[in-house]
Amino acid sequence: RTAHKNRERRSWPANRLCSMLKFVLMVNKQGQTRLSSYYEWIPMQERCALEAEIIRKCLSRNETQCSFVEYRGYKVIYRRYASLFFIVGMKDNMNELGVLEFIHALVETLDKYFESVCELDIMFNLEKAHFILEEMVQNGCIFETNKANILKPIMLMEKASDDSVFSSKIGR
């Protein structure tokens, strides 16, 4: 009976708390996508059209307008930090303010890792930016927002790669 309760407890968050994000975009002020991550399959042509329309819609809004837009059955939440727009698409059942908090946590985590993140950091370290996002969002569910927990695996990977580079140089 105890094992059954533990199994229920483990699956509970995935079943009840996991409202799905559909996509996360990082876009510059010119409308160029710097990072995109989709959590549901969308054909590439449709994805490009959707991105272009959503980006155009978000960039055309002024700062006094609300950061929530409904488009093609998605709730789109966006926020501008310096020269980058962070855009998240979701379905109706999620809390918009919670997603704004997620965007803020993502920016703070990127800021901590890159020491004042900018567009160039994302462009030249795309795999690390994706890794940080993947630590935070898994299968469309916001999984982790604690900066230390998010950055620990990437720091360990960097340490391991530095150690292996150092040891391979010594072995020569």
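A residue counts as buried when its relative accessible area is under 20%. By that criterion, in this predicted model, 8 of the 8 residues of strand β1 (residues 21-28) are buried, so β1 is largely enclosed by the rest of the structure. That makes β1 a handy place to begin a tour of the strands.

β1 has pairing partners in both β2 and β5. With strand β2 (residues 33-38), β1 pairs in the antiparallel sense through 5 bridges, and Met26 has Leu35 of β2 as its bridge partner. The two strands form a hairpin with 4 residues between them, and in its turn Gly31 has a positive phi of about 90 degrees.

Arg79 is bridged to Phe86 in β5. A hairpin links β4 and β5, with 2 residues between the strands, and Ala82 takes a positive phi near 55 degrees there. Strand β4 (residues 74-81) is itself mostly covered, with 6 of its 8 residues buried.

The last pairing to visit is that of β4 with strand β3 (residues 68-71), which run antiparallel and are joined by 4 bridges. Tyr71 stands opposite Tyr74 in β4. The hairpin of β3 and β4 has 2 residues between its strands, and in it Arg72 adopts a positive phi near 50 degrees.

Definitions and conventions:
Residues numbered from 1 in each chain as written. Predicted model: local features only at pLDDT ≥ 70, side-chain atom pairs only at ≥ 80, totals over all residues. Heavy atoms only, no water. Buried < 20%, exposed > 50% of the residue type's maximum accessible area, 1.4 Å probe, protein only. Pairing = 2+ DSSP bridges.
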